[in-house]
Amino acid sequence: MGDAHGAGGASVELEDLSKRYPGRRRPSVDGVSMEIRAGETVVLVGPEGCGKSTTLKMINRLVEPSGGRVRIDGEDVTGVDPVTLRRQVGYAIRSCGLFPHMTVAQNIALVPGTAGWPKARVRDRVEEMLHLVGLDPRAFHGRYPDQLSEGQRRRVGMARALAADPPVLLMDEPFGALDPATRERLQDTLIRLRHELRTTIVFVTHDFDEAVKLGDRIAVLRERSRIAQFDTPEAILTHPADEFVSGVVGAGAALKRLNLTRVREIGVGDRPTMSVDDPLQTIFDRLRSRGADEILLLDRQRRPHRWLRRGDLMRAKGALARAGTPVRRTVSRDATLRDALEAVLTDSAGRVAVTGRHGEYTGVVDLETLMDSVHRLLRADRPATDRLEAREDRERRERREGRERRERREGREGVSREDRDGRGGVATA
(Lines give C-alpha, C1' and ligand atoms only; values in the text may rest on other atoms or scores of the structure.)
Protein backbone atom coordinates (compact mmCIF):
# COMPACT_ATOMS: atom_id res chain seq x y z
CA MET A 1 0.00 0.00 0.00
CA GLY A 2 1.14 3.51 -0.69
CA ASP A 3 1.27 6.25 1.94
CA ALA A 4 -1.77 8.02 0.52
CA HIS A 5 -4.25 7.22 -2.18
CA GLY A 6 -5.70 10.71 -2.27
CA ALA A 7 -9.29 10.64 -3.41
CA GLY A 8 -9.23 6.97 -4.45
CA GLY A 9 -9.86 3.72 -2.66
CA ALA A 10 -8.12 0.36 -2.52
CA SER A 11 -9.44 -3.13 -3.10
CA VAL A 12 -9.87 -5.38 -0.05
CA GLU A 13 -9.82 -9.17 -0.23
CA LEU A 14 -10.67 -11.53 2.61
CA GLU A 15 -9.51 -15.06 1.93
CA ASP A 16 -10.73 -17.88 4.19
CA LEU A 17 -10.49 -15.50 7.17
CA SER A 18 -11.02 -17.06 10.61
CA LYS A 19 -10.75 -16.13 14.28
CA ARG A 20 -10.73 -18.63 17.12
CA TYR A 21 -10.35 -17.33 20.69
CA PRO A 22 -8.57 -19.52 23.26
CA GLY A 23 -10.90 -21.64 25.36
CA ARG A 24 -13.83 -21.39 22.95
CA ARG A 25 -15.14 -24.53 21.32
CA ARG A 26 -16.13 -22.87 18.03
CA PRO A 27 -14.51 -20.07 16.03
CA SER A 28 -16.02 -16.57 16.23
CA VAL A 29 -15.38 -16.13 12.50
CA ASP A 30 -15.21 -19.19 10.31
CA GLY A 31 -13.68 -19.06 6.82
CA VAL A 32 -14.95 -15.74 5.40
CA SER A 33 -14.00 -15.00 1.78
CA MET A 34 -15.02 -11.73 0.15
CA GLU A 35 -13.74 -9.35 -2.52
CA ILE A 36 -14.45 -5.63 -2.09
CA ARG A 37 -13.78 -3.40 -5.07
CA ALA A 38 -11.81 -0.16 -4.84
CA GLY A 39 -14.11 2.77 -4.03
CA GLU A 40 -17.00 0.50 -3.07
CA THR A 41 -19.06 0.70 0.12
CA VAL A 42 -19.81 -2.77 1.50
CA VAL A 43 -22.03 -3.17 4.55
CA LEU A 44 -21.79 -6.18 6.86
CA VAL A 45 -25.18 -6.84 8.43
CA GLY A 46 -26.46 -9.65 10.59
CA PRO A 47 -27.78 -10.54 14.05
CA GLU A 48 -26.04 -9.52 17.25
CA GLY A 49 -22.97 -11.64 17.99
CA CYS A 50 -22.57 -13.06 14.48
CA GLY A 51 -18.96 -11.84 14.19
CA LYS A 52 -19.42 -8.66 12.11
CA SER A 53 -17.15 -6.45 14.21
CA THR A 54 -14.53 -9.18 14.63
CA THR A 55 -14.36 -9.58 10.85
CA LEU A 56 -14.01 -5.81 10.43
CA LYS A 57 -11.24 -5.52 13.02
CA MET A 58 -9.19 -8.23 11.35
CA ILE A 59 -8.83 -5.98 8.29
CA ASN A 60 -6.63 -3.52 10.22
CA ARG A 61 -5.36 -6.19 12.67
CA LEU A 62 -6.99 -4.74 15.76
CA VAL A 63 -7.91 -8.41 16.00
CA GLU A 64 -5.24 -10.77 14.70
CA PRO A 65 -6.62 -13.49 12.39
CA SER A 66 -6.22 -17.11 13.45
CA GLY A 67 -6.21 -18.17 9.81
CA GLY A 68 -6.63 -16.86 6.28
CA ARG A 69 -5.46 -13.68 4.61
CA VAL A 70 -6.43 -10.01 4.25
CA ARG A 71 -5.08 -8.24 1.18
CA ILE A 72 -5.35 -4.51 0.51
CA ASP A 73 -4.56 -3.65 -3.10
CA GLY A 74 -3.10 -7.12 -3.38
CA GLU A 75 -0.69 -6.73 -0.43
CA ASP A 76 -1.00 -9.15 2.49
CA VAL A 77 -1.48 -6.97 5.58
CA THR A 78 0.11 -9.58 7.86
CA GLY A 79 3.42 -8.39 6.40
CA VAL A 80 2.75 -4.76 7.32
CA ASP A 81 3.63 -3.24 10.69
CA PRO A 82 0.29 -2.98 12.60
CA VAL A 83 0.84 0.67 13.60
CA THR A 84 1.72 1.64 10.03
CA LEU A 85 -1.30 -0.30 8.77
CA ARG A 86 -3.70 1.51 11.11
CA ARG A 87 -2.38 4.87 9.97
CA GLN A 88 -3.30 3.90 6.42
CA VAL A 89 -6.72 2.44 7.24
CA GLY A 90 -9.25 4.88 8.70
CA TYR A 91 -11.35 3.64 11.62
CA ALA A 92 -14.57 5.12 13.01
CA ILE A 93 -16.54 3.59 15.89
CA ARG A 94 -19.74 4.27 17.78
CA SER A 95 -18.01 6.04 20.69
CA CYS A 96 -15.97 8.25 18.29
CA GLY A 97 -12.85 7.69 20.41
CA LEU A 98 -12.01 11.40 20.54
CA PHE A 99 -9.35 12.38 23.07
CA PRO A 100 -11.11 14.63 25.61
CA HIS A 101 -7.97 16.68 26.42
CA MET A 102 -7.46 17.59 22.75
CA THR A 103 -9.33 20.20 20.73
CA VAL A 104 -11.30 19.28 17.64
CA ALA A 105 -8.39 20.44 15.46
CA GLN A 106 -5.84 18.44 17.46
CA ASN A 107 -7.96 15.29 17.26
CA ILE A 108 -8.29 15.58 13.47
CA ALA A 109 -4.59 16.42 13.07
CA LEU A 110 -3.44 13.40 15.09
CA VAL A 111 -2.92 10.83 12.31
CA PRO A 112 -1.51 13.22 9.64
CA GLY A 113 0.82 14.64 12.31
CA THR A 114 2.16 11.26 13.40
CA ALA A 115 2.56 10.32 9.71
CA GLY A 116 5.02 13.20 9.36
CA TRP A 117 2.96 15.64 7.29
CA PRO A 118 4.32 19.25 7.28
CA LYS A 119 2.53 21.52 9.78
CA ALA A 120 1.08 23.76 7.07
CA ARG A 121 -0.37 20.76 5.24
CA VAL A 122 -1.85 19.40 8.48
CA ARG A 123 -3.42 22.78 9.26
CA ASP A 124 -4.97 23.02 5.79
CA ARG A 125 -6.19 19.42 6.04
CA VAL A 126 -7.95 20.06 9.36
CA GLU A 127 -9.84 22.99 7.86
CA GLU A 128 -10.66 21.00 4.73
CA MET A 129 -12.01 18.05 6.74
CA LEU A 130 -14.20 20.24 8.95
CA HIS A 131 -15.72 21.80 5.84
CA LEU A 132 -16.15 18.34 4.35
CA VAL A 133 -18.22 17.03 7.28
CA GLY A 134 -20.29 20.22 7.45
CA LEU A 135 -18.70 21.95 10.46
CA ASP A 136 -17.53 25.59 10.34
CA PRO A 137 -13.79 25.61 11.14
CA ARG A 138 -14.04 29.04 12.77
CA ALA A 139 -16.68 27.78 15.21
CA PHE A 140 -15.30 24.29 15.94
CA HIS A 141 -11.51 24.45 15.54
CA GLY A 142 -10.76 25.19 19.20
CA ARG A 143 -13.62 23.36 20.91
CA TYR A 144 -13.17 20.28 23.06
CA PRO A 145 -15.25 17.08 22.64
CA ASP A 146 -17.36 17.77 25.75
CA GLN A 147 -18.44 21.07 24.15
CA LEU A 148 -20.00 19.25 21.20
CA SER A 149 -23.34 17.55 20.66
CA GLU A 150 -23.27 13.81 20.05
CA GLY A 151 -23.90 14.34 16.34
CA GLN A 152 -21.04 16.86 16.13
CA ARG A 153 -18.69 14.41 17.88
CA ARG A 154 -19.57 11.73 15.33
CA ARG A 155 -18.79 14.19 12.51
CA VAL A 156 -15.41 14.98 14.06
CA GLY A 157 -14.81 11.24 14.39
CA MET A 158 -15.44 10.84 10.64
CA ALA A 159 -13.17 13.78 9.88
CA ARG A 160 -10.36 12.27 11.96
CA ALA A 161 -10.78 8.85 10.33
CA LEU A 162 -10.48 10.42 6.86
CA ALA A 163 -7.85 13.06 7.65
CA ALA A 164 -4.81 11.17 6.31
CA ASP A 165 -6.45 10.21 2.98
CA PRO A 166 -6.85 6.53 3.87
CA PRO A 167 -7.56 4.22 0.92
CA VAL A 168 -9.84 2.16 3.20
CA LEU A 169 -12.25 3.33 5.92
CA LEU A 170 -13.65 0.88 8.48
CA MET A 171 -16.82 1.94 10.32
CA ASP A 172 -18.15 -0.11 13.24
CA GLU A 173 -21.76 0.96 13.94
CA PRO A 174 -20.67 4.63 13.91
CA PHE A 175 -24.26 5.96 14.00
CA GLY A 176 -25.63 3.65 16.69
CA ALA A 177 -27.64 5.00 19.65
CA LEU A 178 -28.41 8.33 17.94
CA ASP A 179 -31.79 9.98 17.56
CA PRO A 180 -33.31 9.34 14.10
CA ALA A 181 -32.87 12.88 12.77
CA THR A 182 -29.16 13.07 13.72
CA ARG A 183 -28.56 9.57 12.37
CA GLU A 184 -30.23 10.49 9.09
CA ARG A 185 -28.06 13.61 8.70
CA LEU A 186 -24.87 11.66 9.38
CA GLN A 187 -25.87 8.94 6.90
CA ASP A 188 -26.45 11.63 4.28
CA THR A 189 -23.02 13.12 5.08
CA LEU A 190 -21.38 9.73 4.59
CA ILE A 191 -23.19 9.21 1.27
CA ARG A 192 -21.91 12.57 0.04
CA LEU A 193 -18.36 11.84 1.25
CA ARG A 194 -18.20 8.48 -0.49
CA HIS A 195 -19.18 10.11 -3.77
CA GLU A 196 -16.60 12.88 -3.37
CA LEU A 197 -13.68 10.85 -2.02
CA ARG A 198 -14.25 7.37 -3.52
CA THR A 199 -12.70 5.83 -0.42
CA THR A 200 -13.35 2.10 0.02
CA ILE A 201 -15.70 1.74 3.01
CA VAL A 202 -16.46 -1.38 5.03
CA PHE A 203 -19.39 -0.60 7.34
CA VAL A 204 -20.87 -2.72 10.14
CA THR A 205 -24.49 -2.39 11.26
CA HIS A 206 -27.33 -4.54 12.61
CA ASP A 207 -29.89 -2.21 10.95
CA PHE A 208 -30.87 -3.53 7.52
CA ASP A 209 -32.53 -0.23 6.54
CA GLU A 210 -29.22 1.53 7.15
CA ALA A 211 -27.44 -1.13 5.09
CA VAL A 212 -29.80 -0.55 2.15
CA LYS A 213 -29.34 3.21 2.35
CA LEU A 214 -25.53 3.18 2.52
CA GLY A 215 -24.25 0.09 0.74
CA ASP A 216 -23.24 -0.48 -2.86
CA ARG A 217 -23.36 -4.14 -1.81
CA ILE A 218 -24.51 -5.86 1.38
CA ALA A 219 -23.08 -8.99 2.96
CA VAL A 220 -25.77 -10.68 5.06
CA LEU A 221 -23.92 -12.73 7.67
CA ARG A 222 -25.06 -15.78 9.60
CA GLU A 223 -23.51 -17.06 12.81
CA ARG A 224 -19.68 -17.02 12.75
CA SER A 225 -19.79 -14.50 9.86
CA ARG A 226 -20.73 -17.12 7.29
CA ILE A 227 -22.07 -15.30 4.24
CA ALA A 228 -25.75 -15.99 3.55
CA GLN A 229 -25.95 -13.55 0.62
CA PHE A 230 -23.56 -10.96 -0.83
CA ASP A 231 -25.23 -8.75 -3.41
CA THR A 232 -26.65 -5.33 -4.20
CA PRO A 233 -29.41 -3.96 -1.92
CA GLU A 234 -31.91 -4.20 -4.79
CA ALA A 235 -31.09 -7.86 -5.47
CA ILE A 236 -31.37 -8.81 -1.80
CA LEU A 237 -34.68 -6.97 -1.41
CA THR A 238 -36.22 -8.53 -4.51
CA HIS A 239 -34.60 -11.99 -4.37
CA PRO A 240 -33.52 -12.95 -0.84
CA ALA A 241 -31.44 -16.15 -0.98
CA ASP A 242 -33.35 -18.04 1.73
CA GLU A 243 -35.57 -17.71 4.80
CA PHE A 244 -32.68 -16.47 6.95
CA VAL A 245 -32.03 -13.55 4.58
CA SER A 246 -35.77 -12.85 4.39
CA GLY A 247 -35.80 -12.65 8.19
CA VAL A 248 -32.92 -10.14 8.18
CA VAL A 249 -34.66 -8.06 5.51
CA GLY A 250 -37.84 -8.08 7.60
CA ALA A 251 -41.31 -6.93 6.64
CA GLY A 252 -42.00 -4.19 4.12
CA ALA A 253 -39.34 -4.96 1.50
CA ALA A 254 -41.18 -2.77 -1.02
CA LEU A 255 -40.99 0.21 1.35
CA LYS A 256 -37.29 -0.44 1.96
CA ARG A 257 -36.74 0.05 -1.77
CA LEU A 258 -37.50 3.73 -1.19
CA ASN A 259 -34.03 3.85 0.39
CA LEU A 260 -32.48 3.19 -3.03
CA THR A 261 -33.52 6.53 -4.60
CA ARG A 262 -32.05 9.89 -3.57
CA VAL A 263 -33.73 13.29 -3.46
CA ARG A 264 -31.16 14.57 -6.00
CA GLU A 265 -32.52 12.01 -8.50
CA ILE A 266 -36.09 13.36 -8.46
CA GLY A 267 -37.60 16.70 -9.40
CA VAL A 268 -36.59 19.22 -6.73
CA GLY A 269 -38.73 22.34 -7.07
CA ASP A 270 -38.39 25.87 -5.77
CA ARG A 271 -40.21 28.42 -3.63
CA PRO A 272 -39.91 32.20 -3.45
CA THR A 273 -37.33 33.08 -0.80
CA MET A 274 -36.47 36.18 1.20
CA SER A 275 -33.77 36.93 3.76
CA VAL A 276 -34.22 37.85 7.41
CA ASP A 277 -32.25 41.00 6.49
CA ASP A 278 -34.76 42.10 3.84
CA PRO A 279 -36.93 45.09 4.81
CA LEU A 280 -40.21 44.11 6.41
CA GLN A 281 -42.23 45.99 3.79
CA THR A 282 -40.47 44.13 0.96
CA ILE A 283 -41.36 40.80 2.57
CA PHE A 284 -44.92 41.97 3.15
CA ASP A 285 -45.26 43.11 -0.49
CA ARG A 286 -43.90 39.78 -1.72
CA LEU A 287 -46.44 37.87 0.36
CA ARG A 288 -49.27 40.03 -0.97
CA SER A 289 -48.15 39.65 -4.59
CA ARG A 290 -49.95 37.32 -6.95
CA GLY A 291 -48.67 33.78 -7.12
CA ALA A 292 -46.80 33.97 -3.83
CA ASP A 293 -48.99 32.00 -1.42
CA GLU A 294 -45.94 31.17 0.66
CA ILE A 295 -42.31 32.23 0.90
CA LEU A 296 -39.36 30.68 2.69
CA LEU A 297 -37.43 33.02 4.93
CA LEU A 298 -33.68 32.28 4.97
CA ASP A 299 -31.23 33.18 7.72
CA ARG A 300 -27.93 35.01 7.14
CA GLN A 301 -26.22 31.74 6.10
CA ARG A 302 -29.06 31.10 3.59
CA ARG A 303 -30.41 28.25 5.68
CA PRO A 304 -34.19 27.67 5.83
CA HIS A 305 -35.55 29.60 8.79
CA ARG A 306 -39.31 30.19 8.67
CA TRP A 307 -42.24 29.51 6.35
CA LEU A 308 -44.38 32.63 5.81
CA ARG A 309 -47.90 32.71 4.36
CA ARG A 310 -50.29 35.52 3.59
CA GLY A 311 -51.71 36.88 6.77
CA ASP A 312 -48.86 35.60 8.98
CA LEU A 313 -47.34 39.08 9.37
CA MET A 314 -50.74 40.58 10.10
CA ARG A 315 -51.49 38.02 12.79
CA ALA A 316 -48.02 38.55 14.28
CA LYS A 317 -48.65 42.32 14.19
CA GLY A 318 -45.69 42.90 11.92
CA ALA A 319 -43.14 41.17 14.18
CA LEU A 320 -41.04 39.01 11.86
CA ALA A 321 -39.57 36.93 14.71
CA ARG A 322 -43.05 35.67 15.64
CA ALA A 323 -44.46 35.35 12.12
CA GLY A 324 -45.04 32.12 10.27
CA THR A 325 -43.84 28.62 11.12
CA PRO A 326 -40.26 27.72 12.08
CA VAL A 327 -38.52 25.24 9.77
CA ARG A 328 -38.12 22.23 12.05
CA ARG A 329 -36.95 19.71 9.50
CA THR A 330 -35.05 19.69 6.24
CA VAL A 331 -33.59 16.94 4.02
CA SER A 332 -30.32 16.96 2.12
CA ARG A 333 -29.94 16.20 -1.58
CA ASP A 334 -28.45 12.84 -0.54
CA ALA A 335 -31.46 11.92 1.59
CA THR A 336 -33.48 8.94 0.42
CA LEU A 337 -36.99 8.99 -0.97
CA ARG A 338 -38.10 7.34 2.27
CA ASP A 339 -36.49 10.10 4.40
CA ALA A 340 -38.11 12.80 2.29
CA LEU A 341 -41.52 11.10 2.33
CA GLU A 342 -41.39 10.79 6.11
CA ALA A 343 -40.43 14.47 6.46
CA VAL A 344 -43.21 15.61 4.12
CA LEU A 345 -45.87 13.44 5.78
CA THR A 346 -45.03 14.90 9.20
CA ASP A 347 -45.46 18.44 7.82
CA SER A 348 -49.04 19.62 7.62
CA ALA A 349 -48.24 21.69 4.52
CA GLY A 350 -46.91 18.67 2.59
CA ARG A 351 -43.45 19.95 1.62
CA VAL A 352 -39.92 20.04 2.97
CA ALA A 353 -36.90 22.24 2.22
CA VAL A 354 -33.86 20.60 0.60
CA THR A 355 -30.40 21.72 1.74
CA GLY A 356 -26.80 21.51 0.56
CA ARG A 357 -23.59 20.53 2.34
CA HIS A 358 -23.62 23.41 4.84
CA GLY A 359 -27.37 23.48 5.37
CA GLU A 360 -27.95 26.15 2.71
CA TYR A 361 -31.26 26.19 0.84
CA THR A 362 -31.24 24.43 -2.55
CA GLY A 363 -34.93 23.77 -3.22
CA VAL A 364 -38.17 22.18 -2.05
CA VAL A 365 -39.70 18.77 -2.57
CA ASP A 366 -43.43 18.25 -2.09
CA LEU A 367 -45.80 15.33 -1.56
CA GLU A 368 -47.05 15.27 -5.17
CA THR A 369 -43.50 14.94 -6.55
CA LEU A 370 -42.66 12.21 -4.06
CA MET A 371 -45.81 10.21 -4.75
CA ASP A 372 -45.18 10.43 -8.52
CA SER A 373 -41.71 8.98 -7.89
CA VAL A 374 -43.12 6.23 -5.66
CA HIS A 375 -45.67 5.26 -8.32
CA ARG A 376 -42.95 5.15 -11.01
CA LEU A 377 -40.85 2.95 -8.73
CA LEU A 378 -43.75 0.58 -8.11
CA ARG A 379 -44.58 0.40 -11.83
CA ALA A 380 -40.95 -0.40 -12.63
CA ASP A 381 -40.97 -3.08 -9.93
CA ARG A 382 -44.21 -4.65 -11.13
CA PRO A 383 -42.71 -7.07 -13.71
CA ALA A 384 -40.12 -8.32 -11.20
CA THR A 385 -42.80 -8.62 -8.52
CA ASP A 386 -45.07 -10.49 -10.94
CA ARG A 387 -42.25 -12.90 -11.81
CA LEU A 388 -41.49 -13.46 -8.13
CA GLU A 389 -45.16 -14.08 -7.30
CA ALA A 390 -45.50 -16.42 -10.32
CA ARG A 391 -42.42 -18.37 -9.19
CA GLU A 392 -43.78 -18.63 -5.64
CA ASP A 393 -47.18 -19.78 -6.99
CA ARG A 394 -45.45 -22.39 -9.18
CA GLU A 395 -43.35 -23.65 -6.24
CA ARG A 396 -46.46 -23.87 -4.02
CA ARG A 397 -48.33 -25.75 -6.77
CA GLU A 398 -45.42 -28.14 -7.28
CA ARG A 399 -45.18 -28.80 -3.53
CA ARG A 400 -48.92 -29.45 -3.35
CA GLU A 401 -48.88 -31.78 -6.36
CA GLY A 402 -45.86 -33.62 -4.96
CA ARG A 403 -47.64 -34.05 -1.62
CA GLU A 404 -50.75 -35.36 -3.38
CA ARG A 405 -48.66 -37.83 -5.42
CA ARG A 406 -46.99 -39.12 -2.26
CA GLU A 407 -50.36 -39.51 -0.56
CA ARG A 408 -51.78 -41.43 -3.55
CA ARG A 409 -48.70 -43.62 -3.73
CA GLU A 410 -48.80 -44.32 0.00
CA GLY A 411 -52.53 -45.05 -0.31
CA ARG A 412 -51.91 -47.58 -3.12
CA GLU A 413 -49.09 -49.21 -1.15
CA GLY A 414 -51.37 -49.48 1.87
CA VAL A 415 -54.06 -51.20 -0.18
CA SER A 416 -51.48 -53.60 -1.66
CA ARG A 417 -50.26 -54.57 1.80
CA GLU A 418 -53.82 -55.22 2.94
CA ASP A 419 -54.42 -57.43 -0.12
CA ARG A 420 -51.22 -59.41 0.54
CA ASP A 421 -52.07 -59.78 4.21
CA GLY A 422 -55.56 -60.96 3.27
CA ARG A 423 -54.29 -63.53 0.76
CA GLY A 424 -51.67 -64.71 3.18
CA GLY A 425 -54.33 -65.25 5.85
CA VAL A 426 -56.49 -67.39 3.56
CA ALA A 427 -53.53 -69.51 2.45
CA THR A 428 -52.49 -70.16 6.04
CA ALA A 429 -55.93 -71.12 6.98
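Modeller: Happy to! Let's begin with the term we need: a salt bridge is a side-chain nitrogen of Lys or Arg within 4 Å of a carboxyl oxygen of Asp or Glu. Please keep in mind that what you see is a predicted model.

With that rule in hand, look for Glu223 and Arg26. These two form a salt bridge, and their closest N and O atoms are 2.8 Å apart. The pair links distant parts of the chain, since Glu223 sits in the loop between β9 (217-221) and β10 (227-231), while Arg26 sits in the loop between β1 (12-19) and β2 (29-36), 197 residues apart.

Now turn to Gly51, which lies in the loop between β3 (41-45) and α1 (52-59). Which residues does Gly51 touch, if we leave out those up to four places away in sequence? They are Ser28, Val29 and Ser225. Gly51 counts as buried because its relative accessibility is 10%, and the cut-off for buried is under 20%. Its C-alpha atom is separated by 9.3 Å from that of Lys19, a residue 32 places away along the chain.

Let's compare with another salt bridge. The side chains of Lys213 and Asp188 meet with 3.0 Å from N to O. Here the link runs between two helices: Lys213 is in helix α8 (residues 208-214) and Asp188 is in helix α7, 25 residues apart. Both Lys213 and Asp188 are buried.

Helix α7 (residues 180-197) also holds Thr189. Thr189 counts as buried, because its relative accessibility is 5%. Leaving aside neighbours within four places in sequence, Thr189 is in contact with Val133, Arg155 and Met158.

One of those partners, Arg155, turns up again at Gly134. Gly134 touches Arg155, Arg192, Arg357 and His358, again not counting residues up to four places away. You will find Gly134 in the loop between α4 (119-132) and α5 (137-140). Its relative accessibility is 28%, so Gly134 counts as partly exposed. Gly134 and Ala159 are 25 residues apart in sequence, and their C-alpha atoms are 9.9 Å apart in space.

There is one more salt bridge to visit. Glu234 forms a salt bridge with Arg257, with 2.7 Å between the closest N and O atoms. Glu234 lies in helix α9 (residues 233-238) and Arg257 lies in the loop between α11 (253-256) and β11 (273-275), so this pair ties together parts that are 23 residues apart in sequence. Glu234 is partly exposed, because its relative accessible area is 41%. Arg257 counts as buried, because its relative accessibility is 7%.

How many salt bridges are there by this rule? The count comes to 35.

Some charged residues on the surface are gathered into patches instead. Glu398, Glu401, Glu404, Glu407 and Glu410 gather in a patch of negative charge. Among them, Glu401 lies in helix α15 (residues 367-428) and counts as partly exposed because its relative accessibility is 33%. A patch of positive charge also lies on the surface, with members including Arg394, Arg400, Arg403 and Arg409. Arg403 is found in helix α15, and at 41% relative accessibility Arg403 counts as partly exposed.

Together with Leu345 and Leu367, Met371 forms a nonpolar patch on the surface, with about 250 Å² of accessible area. Met371 counts as partly exposed, because its relative accessibility is 30%.

Finally, step back to the whole chain. There are 15 helices and 17 strands, and 44% of the 429 residues count as buried. Among contacts with a separation of 6 or more, 62% join residues 24 or more positions apart. The accessible surface comes to about 21800 Å², and 47% of that belongs to carbon and sulfur atoms.

Conventions. Residues are numbered from 1 along each chain as its sequence is written. This is a predicted model: local features need pLDDT of at least 70, side-chain atom pairs count only at pLDDT 80 or more; totals for chains, interfaces and linings use all residues. Side-chain values use heavy atoms; hydrogens and water are left out. Helices (H or I, at least four residues) and strands (E, at least two) are DSSP runs, numbered from the N terminus. Buried means under 20% relative accessible area, exposed over 50%, partly exposed in between (1.4 Å probe, protein chains only). Contact means heavy atoms within 4.5 Å. Accessible areas come from the Shrake-Rupley method with a 1.4 Å probe; for residues, only the protein chains shown count as cover. Patches are made of residues with over 30% relative accessible area and no salt bridge: like charges are joined within 9 Å, nonpolar side chains (Val, Leu, Ile, Met, Phe, Trp, Tyr) within 5 Å. Lys and Arg count as positive and Asp and Glu as negative; His and the chain ends are not counted. The place of a charge is taken as NZ of Lys, CZ of Arg, CG of Asp or CD of Glu.
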